[in-house]
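Thanks for sending this one over. Here are my notes, in numbered points, to read with the model open beside you.

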Amino acid sequence: MTGEDWTELGLAPTADHREIRKAYARRLKTIDPEADPDAFIRLRTARDRALSQDPDRQFAVTGARTDAEAAMGVGNGEAPDADPNLEPAADAEVQPAAAPDTSEEAPPEPVLLAAPFQRIESLLFDPDVRPDPIELQQIVTEILADPALERIDIAQWVEGFLADTIVRGTPLSDPMIDPAAAHFGWGQDGNQISRPPIIDWILQRREDSIFEAGLIAGSPEYATILHALRAPPPTQLGERQVRRQSVRVEYLLSYFQTLHPTMLATLDQQSIQFWSDRFVAEGAGNGFARKLREWEKDRIWKRGLWPVERRGDWLIALCIFLMPYLFAWALLRPGYSRVARFVGFGWMILVVAAMLTNPDKPSELKEAPALDLERTRLVSSEHDLPPLLSDYAGPELTLGAMKTRNKPLHDLLVQRWTALRAGDRRTWDLERSVRETLNDALGAGLRGGEYDIHRRFWQFRVDRARTFQQEDAAKCDAFLEGTLPGQVFPPEIEEERRALVREVLLRPLSNAPPRRTGTYRIPGSVVADARALSKLGAPRFDAALERRGTAAEHCAVGIALIEAAISAPRKVGRTLLKDMSSAL
Amino acid sequence: MIVGIDLGTTNSAVAIWRDGAASLIPNSLGDVLTPSAVSMTEDGTILVGVAARDRQSTHPALTATAFKRLMGAQKPVMLGRTRFSAEELSALVLRSLKADAEAYLGEPVESAVITVPAYFNDRQRKATRRAGELAGLRVERLLNEPTAAALAHGIHQREDKEPFLVFDLGGGTFDVSIVEIFDGIIEVRASAGDNRLGGEDFNDVMVELVRGQLKGVDALPLSNSELREIMRAAAERTRRGLTEADTAPFSLVWKGREIRRDVRADAFAEAAAGLIARLREPVLRSMRDSGIRTEQLSEVILVGGATRMPIVRRAVTRMFGRFPNASIDPDHAVAMGAAVQAGLKARDSALEEIRLTDVCPFTLGVDTVEFDRLGRMHSGVFCPIIERNTVIPASRVHVFSTVRDNQPVVEFGVYQGEARQVDANVKLGQLSIPVPPRPAGTVRIDCRFSYDVSGLLEVDLTIPETGASKQLVICDDADAPDDAAIAARREVLAALKVHPREDAANAATLARAERCYEAFLGERRDHIGQMIIGFEGVLQKQDPKQIKEARDEIERQLDALEGERFL
């Protein structure tokens, strides 16, 4: 959003939706889009930019996993309990309208039964209930056959619910994919461009679940590893067992990452973390251990995922089996010296031992595509770093921009890259390292930033808290306290977040104060403002300040405090926000 | 004078913006709707309108209807021995409307705003524009039909209106648009549709339904084109009958036998369930694209004659949980909206505070080569450049590069659609540009798509490196006639003998009488036959008063026989 855009709109910078649209309307009446399309395009771009930086837009979030964006129509797969109009009534049937019109009856309001949805939730998420794939499929088919789905809003809600549940409940939810996809036409051709990413994910999951079935049936070795990865991390296993498994686990994980990414979502995250740390630890060991590991890695990679078939060459096997006996019989006959017998038996034992420990020759690999190790190697910093930066804060965060505007950070990233390259690490190691570096830089930048950065950041936190507040006050409270795990940002806020992150990361930092947790003083005037803003009575406000109220009250108080701090006069607000940011 | 014209599949209309309101212009028969039908008489004269439509049953080989579905395709239509293209037939209809407007307004009409379905692709739009030019009209603007309907509804309110949905089910096409009015700006948020879904398809379903019940001697084969037309006309009548009652008769006369079956509304509803289900998809798509939920819609507006069907109304009610709004006659809304746009173009002072912005309903892009995460190369991948529901006029640039070293030329296929593989999309044209020899991926080519308000596309390719910037205009593989060719064809059309306007009423009555003659048997047939002979005799006399009396009498008698003539 540039100054030119505001000039174009003829408006002072504002976050008010209505003002922006009014200004757009005013300006539009002065130009003729047909005669001067460029002018119209400029005006329209200015309007779009102005509207998208506006935090007033409400957007619900599903709480789905990080990969899956909630983009199914607006209200975008809204969390099931958020919308009062569509709350499925318990065991209610179709109800006619309460007050008929004077001329004709209003159309009947169909209502969905709640029981099937609750059953799905319990089948997937309740640890006491045994998941039954056939029942799941049946329930989904039942839901989809409900005539209430003729209503568009109900159909959209159900679609959002199913998509969201499938993503959250993977892999147990795999049987649900087929009936839902068939009914809603998810996999239909001719519509892929604007398909929401969550649907893409689900379709990919369907392919991957077929692969998973094949893996479990065809490769017992890796099937066990897959099951182990779905369980909590193996802290009880001995060191030797872990070491033995480690290379195979690494192979399986990188196989998934490259070819079947949705499989990663079905694994236990802590297990993955455990193993990732393990890989790093093993990679940092002494030279000999590393060499051994590399050798084993090549061997496992070449071998592939599927077990090898024994070649049924019975004749040769028989001969080899019989050979020692022939040998022994020959040697035990009179005429051989003791040395000869010693050598003979020794040789025989050696042959038998070799036969028993020699790995079988691999037969033709079963249709597993060759995983190219080359692809995961680091190529060059200009090649590897930009996609990671773009993942972190959008494509506008380019390496070049960072080089010109925040050279120390740029150099630090390149340094990390060089170190990993020297150790012949892979792309996933680089990802982790870059992310950590950027997180640290972001924290430092926020701590040491200027007043305007602080204000933006805390405004952003308020917006985010508000979206939580609408869903679930407990989540909002946890978010403000900093204890909410695994956050996903809805697209609008995500753009805001990215813009803020870019702003911070592209600003050179002179001094980064260290992280400091602890209490700080909030000026009385700010507290008074907050009390007024929160609209709770003074006693409840004070109680909530001391964490003695309900979650909703804590949440409201937290938001009110931040807002009061942001709108406080500069002298006061500056120090306060700085204090608040010192814990980031 | 700029007029607004609704060029529909079944019916067309022309309207004008005058004295702060839109009003429809009646044709020579006094009707505001003119059927989009063209027929040729034995001596080569062209008939347009009701007369032509009635001749559809009696002389199907000499008549053409529903040619809007053929616009943009290169299929010719034969009227007798003469070959016409869909554009030329549309031009004949437009010419007739132009003549009606000039007669009504008393001044020449040279420009028009013509409506097209929102989901018409680039080719079809260009064909519509050519049809207008062939009729001697300067086409000021092509306006999307649902947008026109929204204009007609929205023009009455100057205060803000929450988003509303326009549900336009016409004779041959189905369009859905979501429109918002804010501060006098009428803004289309999203558009979607189905070019192969309309009242005609419901006629086909009706025909199939009845044919299934007829067996043996009564069986009606589809192979005979004349019989097909008769069945279609009968199905249309039955469909209309079902709007008013729960059962309606399907009756026709074929080979001297009268066949009559009663069709029940619920049987028809069951047979048409597949078509009704197809109505959902564009609605869902436009709602998803605009990001608007059903509870945010202020109302649902029905446009198009086919929305009179009870099954359609019920389906819409069930979809949205509320009754739709049909306060403006569904057949008139589009033409009135076109008149409003004409007024806007003419900068009428009453409309100064209004602006309209529309969107393009398709994604436009080119085919590219893509590398996947394993490094494999895929060709024929669709790269969108203008996403669908972008506000128009729009202009977007995308940077491309070469794939091979020293590649001499880069070919761009321009496609429109939503599939990821270009084979599944509609190809609009082909462009190529020579590039300097360089290693792969080092030459930069800028490809700019410009989409104007009428929904017509221009593609520009430039190579910044060489400094040379070439402007290439997209060109159909099929012919794109230049001005000279268009002028020549216009001459040809002008040379066609068109039935004089003053006589249109007589021609219509005669055609109707002939159709009824074929449709009845026995005594009634004889009676009609005599009336026809009598009327032809009166026509010879050339006495206007007598002719009018005779005409009214015949119409009265025919009304008594078959019910009122419908449009």
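**Notes on the predicted model**

1. The side chains of Ser191(B) and Ser177(B) make a polar contact at 2.8 Å (a pair of N or O atoms within 3.5 Å; within protein, one must be able to donate a hydrogen and the other to accept it, and residues adjacent in sequence count only if both atoms are side-chain atoms). Ser191(B) sits in strand 14 (residues 185–194) of chain B; strands (E, at least two residues) and helices (H or I, at least four) are DSSP runs, numbered from the N terminus. With 1% relative accessibility, Ser191(B) is buried (buried is under 20% relative accessible area, exposed over 50%, partly exposed in between; 1.4 Å probe, protein chains only). Beyond four places in sequence, Ser191(B) is in contact with residues including Ala118(B), Ser286(B) and Asn389(B), where contact means heavy atoms within 4.5 Å.

2. A word on the ground rules: this is a predicted model, in which local features need pLDDT of at least 70 and side-chain atom pairs count only at pLDDT 80 or more, while totals for chains, interfaces and linings use all residues. Residues are numbered from 1 along each chain as its sequence is written, and side-chain values use heavy atoms, leaving out hydrogens and water.

3. On confidence, chain B averages a pLDDT of 86, and 95% of the residues score at least 70; pLDDT is the predictor's confidence in each residue, from 0 to 100. The model scores ipTM 0.79 and pTM 0.66.

4. Now the interface: 49 residues of chain B are in contact with 47 residues of chain A. There are 6 salt bridges between the two chains (a side-chain nitrogen of Lys or Arg within 4 Å of a carboxyl oxygen of Asp or Glu). One of them joins Arg318(B) to Glu150(A), with the closest N and O atoms 2.5 Å apart. Helix 9 (residues 280–290) of chain B gives the most to the side of chain B that touches chain A, with 7 residues.

5. Within chain A, have a look at Arg168(A) and Asp164(A), whose side chains meet in a salt bridge (3.4 Å, N to O). Both lie in helix 6 (residues 152–168) of chain A, 4 residues apart, about one turn of the helix. Asp164(A) is buried at 2% relative accessibility, whereas Arg168(A) is partly exposed at 26%.

Technical notes. Chains are lettered from A and ligands numbered from 1 in the order in which they are written.
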